Amino acid sequence: RRHYPRHPDSNRISCHLSGMKRLILRNAQVVTENGISRAEIAVEDHTITEVAPSILGVAAIDIDVLGAFVFPGFIDTHVHFNEPGRVTWEGLTTGSRALAVGGGTAFFDMPLNSDPPVLSAETLNAKRRLAEEKSLLDFALWGGLCPGHIDRIDEMAEAGAIGFKAFLCPSGIAEFPPADPATLREGLRGAKRHNLPVAVHAEDPAVLDRAAGTVSGTSMRDFLASRPKEAEIEAIRRACELAGETEATLHVVHVTCAEGLAEIASARQAGVDVSAETCPHYLLFNGDDAERLGAIAKCAPPLRSAEDMEALWDSLLNGKVCTLGSDHSPAPPEKKTGENFFEIWGGISGCQHAFPAFLAQLRRRAPDDLFQGAAWLAANPVKRFAIAGKTGHIAPGSPADLTVVDFQKPSVVRSKDLLNRHPASLYVDHTVGSQILDVIRGGEIIVKQGKLVGTSSRGTFLRPSRD
């Protein structure tokens with residue numbers, strides 16, 4: 001794979017010396033949500049100016065990708081980068097760099113793990129200032145939806161929140177309590193005033209309590225049994241009912257099972273404005289893996305059975321998922337050790353490898369559906385969350401956010417290669433069947449041949465277009 005200061009074809013250069021381009025990607029397989037085609041891409045400043053089978057002219061940066069796949073830049077709508085307050089868990093600098101090497105050009109940061117949580121315009125603006133100072137990638141910020149803070153929805157919306165996140169069961173963070181049905185109803189109404197979505201962590205606390213009463217041990221198997229998919233299904237059903245009642249927009253995050261997606265599809269057919277996210281780890285790992293891997297695989301909702309994983313794939317390929325999120329939520333090593341799996345922190349670390357691992361598996365399972373990766377990871381997030389200034393497309397006039405993926409270079413993940421704050425990841429020792437080569441954010445190369453470059457660059461704050 002070669003990088004040229006100018007294209008080697010002198011005939012093409014002599015014909016278009018006056019048509020200097022800043023950057024051209026050549027010999028690419030361009031992936032959009034509508035299909036895959038051989039093309040070349042020209043970029044000037046921050047914008048794609050041309051997509052064509054062959055682009056004449058020269059460029060300051062001329063890259064032959066030798067048949068690699070070029071996707072619109074990945075947007076991770078679900079990360080926990082934990083600043084301010086818990087930078088020792090993960091930070092905006094380390095988290096955004098890890099995600100960049102994993103193909104990301106933007107992320108949505110969740111409100112609960114920062115200290116204090118994002119429950120007001122003041123705390124949202126404080127996080128925004130830190131991200132503008134530290135993040136390599138463009139970013140949006142979720143506001144929190146908790147009891148006692150519903151009156152802050154308006155101010156967070158005005159400050160630019162991408163939407164509002166609620167837990168329907170305890171979150172693990174005392175300062176971020178769960179939303180009871182009355183709180184969720186009022187929160188949905190408040191979000192609707194601003195044409196913003198409410199995202200829910202859907203596990204029903206009553207079902208969880210009953211299931212916990214049936215286990216007596218503290219192993220990973222006991223933990224998995226204590227959080228059955230029935231809790232998720234029931235919580236999704238109730239959240240959809242409230243979204244229908246209030247005519248608000250609902251987004252159910254990290255759905256783990258086909259039955260949960262079926263509830264969402266049924267509600268959507270009934271006229272409810274609801275969509276679903278799932279995560280690569282639910283499509284690549286199962287409960288048996290959780291028992292084998294231990295604490296690094298603990299998350300909530302938990303990894304399901306192998307049968308559930310296969311059914312989730314079927315639902316994904318049948319159009320029941322809108323977006324993918326890594327749900328990157330690491331913690332210090334001391335919080336991920338111990339014999340009691342109920343006490344170990346539940347969070348997956350993996351934004352650096354989640355999307356390339358998922359795409360490689362998608363290509364293996366359903367090669368004719370690879371183009372859908374561009375929808376789940378770029379076009380759908382832009383459309384669903386109305387991200388101002390983004391399109392999620394590779395087309396003239398679109399922002400130059402591009403991710404180059406090579407499916408001919410599988411590699412084994414090693415701890416020493418991790419860029420997140422702690423060298424731990426669910427994907428360590430996992431063979432990833434693709435490699436992120438280049439990442440271009442806003443026309444600037446931030447990853448080149450799999451390595452970070454231009455780390456002095458900073459991303460911009462993404463607001464929703466509330467029209």
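**A guided reading of a predicted structure**

Arg86 lies over the face of Trp89, with 5.4 Å separating it from the ring centre.

The structure as a whole holds 15 aromatic pairs. One of them joins Trp89 to Trp345 in an edge-to-face arrangement, with the ring centres 4.9 Å apart and an angle of 75° between the planes. The partners come from distant parts of the chain, 256 residues apart: Trp89 is in the loop between β7 and α2, and Trp345 is in the loop between β15 and α13. Both Trp89 and Trp345 are buried. A second pair has another geometry: the ring centres of Trp313 and Phe358 are 5.7 Å apart and their planes meet at 10°, so this pair is stacked. Here too distant parts of the chain are linked, since Trp313 belongs to helix α12 and Phe358 to helix α13, 45 residues apart. Trp313 and Phe358 are both buried.

Aromatic rings also gather in a group: Phe81, Phe107, Phe139 and Phe461 form one aromatic cluster. A charged residue over a ring is found at Phe223 as well, where Lys298 lies over the face at 4.7 Å from the ring centre.

How many of the ten residues of α2 are buried? Seven of them are, and the helix is mostly covered. The buried residues are Leu92, Gly95, Ser96, Ala98, Leu99, Ala100 and Val101. Just after α2, Gly103 has a positive phi of about 100°.

The next topic is charge. Side chains of opposite charge can pair when their charged atoms come close. A search of the whole structure finds 28 salt bridges. In one of these, the side chains of Lys390 and Asp138 meet at 2.6 Å, N to O. Lys390 lies in the loop between α14 and β16, whereas Asp138 is in strand β9, so the bridge ties together parts 252 residues apart in sequence. Both Lys390 and Asp138 are buried. These two residues also belong to a network of salt bridges that links Asp138, Lys390, Asp401, Arg441 and Glu444.

Another salt bridge joins the side chains of Asp273 and Arg384 at 2.7 Å, N to O. Asp273 is in strand β14 and Arg384 in helix α14, so this pair ties together parts that are 111 residues apart in sequence. Asp273 is partly exposed, with a relative accessible area of 34%. A further bridge connects Asp417 with Lys416, whose closest N and O atoms are 3.3 Å apart. Asp417 counts as partly exposed because its relative accessibility is 36%, while Lys416, at 71%, is exposed.

Asp406 presents a contrasting case. It is placed in strand β16, which spans residues 402-406. Which side chain of opposite charge is nearest to Asp406, a buried residue with no salt bridge? The nearest is that of Lys409, 4.1 Å away. The side chain of Asp406 does reach the backbone nitrogen of Gln408, at 2.8 Å. Leaving aside residues up to four places away in sequence, Asp406 touches Ser434, Gln435 and Leu437.

The last topic is the backbone. Most residues other than glycine have a negative phi, and most peptide bonds are trans. Asn27, in strand β2, has a positive phi near 55°. Asn27 counts as partly exposed because its relative accessibility is 34%. Asn195 also has a positive phi, of about 55°, although it is not a glycine. This residue is in the loop between α5 and β12, and it counts as exposed because its relative accessibility is 52%.

Cis peptide bonds are found at two prolines. The bond from Asp115 to Pro116 is cis, with omega near 10°, and Pro116 is in the loop between β8 and α3. Ala300 and Pro301 are likewise joined by a cis peptide bond, with omega about -5°. Pro301 lies in the loop between α11 and α12.

Note on methods. Residues numbered from 1 in each chain as written. Predicted model: local features only at pLDDT ≥ 70, side-chain atom pairs only at ≥ 80, totals over all residues. Heavy atoms only, no water. Helix = DSSP H or I, 4+ residues; strand = E, 2+ residues; numbered from the N terminus. Buried < 20%, exposed > 50% of the residue type's maximum accessible area, 1.4 Å probe, protein only. Lys, Arg positive; Asp, Glu negative; His and termini not counted. Salt bridge = Lys/Arg side-chain N within 4 Å of Asp/Glu carboxyl O. Polar contact = N/O pair within 3.5 Å; in protein donor to acceptor, adjacent residues only side chain to side chain. Contact = heavy atoms within 4.5 Å. Phe/Tyr/Trp six-rings, centres within 6.5 Å; stacked < 30°, edge-to-face > 60°. Lys NZ or Arg CZ within 6 Å of the ring centre and 35° of its normal.
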